[in-house]
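Colleague: I am new to this structure and would like to learn how to read it feature by feature. Could we begin with the way the chains meet?

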Protein chains: 2
Amino acid sequence: MNYFKPIVGKVVSVLVCDVPRSIASSPKDEILIHMAGVVGDKHYGSTFPSNARYPMYPRRTEIRNSRQVSIISVEELEKTAALLNIDRLDPEWYGANLVISGITSLTELPPGTRLTFPNGVVLVGNGENDPCMNVGRIVQENFPDRKNLGPEFVKAAISLRGITAWVEHPGSIAKSDIVQVNIPRLYDYAKRISE
Amino acid sequence: MNYFKPIVGKVVSVLVCDVPRSIASSPKDEILIHMAGVVGDKHYGSTFPSNARYPMYPRRTEIRNSRQVSIISVEELEKTAALLNIDRLDPEWYGANLVISGITSLTELPPGTRLTFPNGVVLVGNGENDPCMNVGRIVQENFPDRKNLGPEFVKAAISLRGITAWVEHPGSIAKSDIVQVNIPRLYDYAKRISE
């Protein structure tokens, strides 16, 4: 695989999805990453039951868990809040594990992108994490005076809701860590499709 | 993830890398696929030591094995042989596990592409498998009258040597199986890089 010149970002917060009966996450000083995901997170595991994101399977087929880590960016959070005309969107509401700054259009990073952290962790991205109503509902709860904010969020957050990733090498990630991002140069298969 | 309309190919041969002291593979009627890869294949395993393909790691770091299955196409084999002006290239020489027909520009399938087989197997592609001298040397051995064929192969096979993939769901694959290919619609991150 051919990569672009690495780019560099910064970890602004680290979180774990450990809130009972909620998809939300809560901030930590540091998170521990095993091959199976973020320790203590409800998405931890080598496999998981497939859902609507996997149209090629019957629902709840046990498949490899490649959605172990959820990564979002400060810049895209702010952009989405501005589109919705609300004063803030919190990473906790997204159930995010990592909030990063300094990476342009994080959500557009292609599958196969590698994110390398100083304490050993390397994550491989799957591409865009499509926004869903689970987050939309939490956003709505936080702005009770706004009508229809859930569906509005789902629409506004397209191409801005971050990526998911799987663990290629374990370790730990802390606030203020520097992250190096290796982005593969890909072919434009859409060109082939249209031929 | 948004996918293109699925496209369909056919499995022409299935092979296992079980040749002692060689990267070559040998043809079978059927191959068994576990979460850790192709049963009996030397690339079987949940992890493996990183090599030159992983510039972000010190050599031989134990990382998740995402290169479990090697997939090539009849059409690209023929195209590469024509470019080299030789009468054939055998899938065994590539150490391939699957030879497929009917998928245009297989090597250009982006990371995140899902290949679904009738007996349960779903594989997720990593994108291009860069050609290397290990295959080049075997090609050279088969055409002893040609000078410099190894390096010529490595150059000619760029964008034609197929892809690697990891197992999302286990099962088995047999000769003549139909494969459904789900190709993700990706952003063009190169555009962001150049901004």
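Modeller: Across the interface of chain A and chain B the rule finds 2 salt bridges, a salt bridge being a side-chain nitrogen of Lys or Arg within 4 Å of a carboxyl oxygen of Asp or Glu. In one of them the side chains of A:Arg192 and B:Glu108 meet, at 2.9 Å from N to O. Please keep in mind that this is a predicted model, in which local features need pLDDT of at least 70 and side-chain atom pairs count only at pLDDT 80 or more, while totals for chains, interfaces and linings use all residues. Residues are numbered from 1 along each chain as its sequence is written, chains are lettered from A and ligands numbered from 1 in the order in which they are written, and side-chain values use heavy atoms, with hydrogens and water left out.

Colleague: How many residues of chain A and chain B are in contact, and what is the area buried between them?

Modeller: Contact means heavy atoms within 4.5 Å, and by that rule 46 residues of chain A touch 46 residues of chain B. Buried area is the accessible area (1.4 Å probe) that two parts lose on being put together, summed over both; here it is about 4,000 Å², and carbon and sulfur atoms give 61% of it. Of the area that chain A buries against chain B, A:Arg64, A:Tyr187 and A:Tyr189 supply 21%, more than any other three residues.

Colleague: Turning to the helices, which residues of helix 1 of chain B are buried, and which are exposed?

Modeller: Buried means under 20% relative accessible area, exposed over 50%, and partly exposed in between (1.4 Å probe, protein chains only). Helices (H or I, at least four residues) and strands (E, at least two) are DSSP runs, numbered from the N terminus. In helix 1 of chain B, residues 74–84, the buried ones are B:Glu76, B:Leu77, B:Thr80, B:Ala81 and B:Leu84. They cover an arc of only 140° around the axis, which puts them on the same side of the helix; the arc is that of the directions from the helix axis to the C-beta atoms. On the other side, B:Glu78, B:Lys79, B:Ala82 and B:Leu83 are exposed. The cover over the buried residues of helix 1 includes strand 7, helix 2 (91–94) and helix 4 (149–156) of chain B.

Colleague: Which residues are buried in helix 4 of chain A, and what covers them?

Modeller: In helix 4 of chain A, residues 149–156, A:Leu149, A:Gly150, A:Phe153 and A:Ala156 are buried. Seen down the axis of this helix, its buried residues fall within an arc of 135°, so they line one face. Their cover includes helix 1 (74–84), helix 2 (91–94) and helix 3 (133–142) of chain A.

Colleague: How should I read the strands, and which strands are joined to strand 11 of chain B?

Modeller: Two strands pair if DSSP finds at least two bridges between them. Strand 7 (residues 69–73) of chain B runs antiparallel to strand 11 of chain B and is joined to it by 3 bridges, with B:Thr164 as the bridge partner of B:Ser70. Strand 10 (residues 122–128) of chain B is also antiparallel to strand 11, joined by 5 bridges, and there B:His169 is the bridge partner of B:Val122. Strand 11 itself, residues 163–169, is mostly covered, with 7 of its 7 residues buried.

Colleague: Finally, what is phi of A:Ser176, and where does A:Ser176 lie?

Modeller: Most residues other than glycine have a negative phi. Phi of A:Ser176, however, is positive, near 75°, and this residue lies in the loop between strand 12 (171–174) and strand 13 (178–182) of chain A. At 46% relative accessibility, A:Ser176 counts as partly exposed. B:Ser105 also has a positive phi, near 45°, in the loop between strand 8 (98–101) and strand 9 (114–116) of chain B, but B:Ser105 is buried, with a relative accessible area of 18%.
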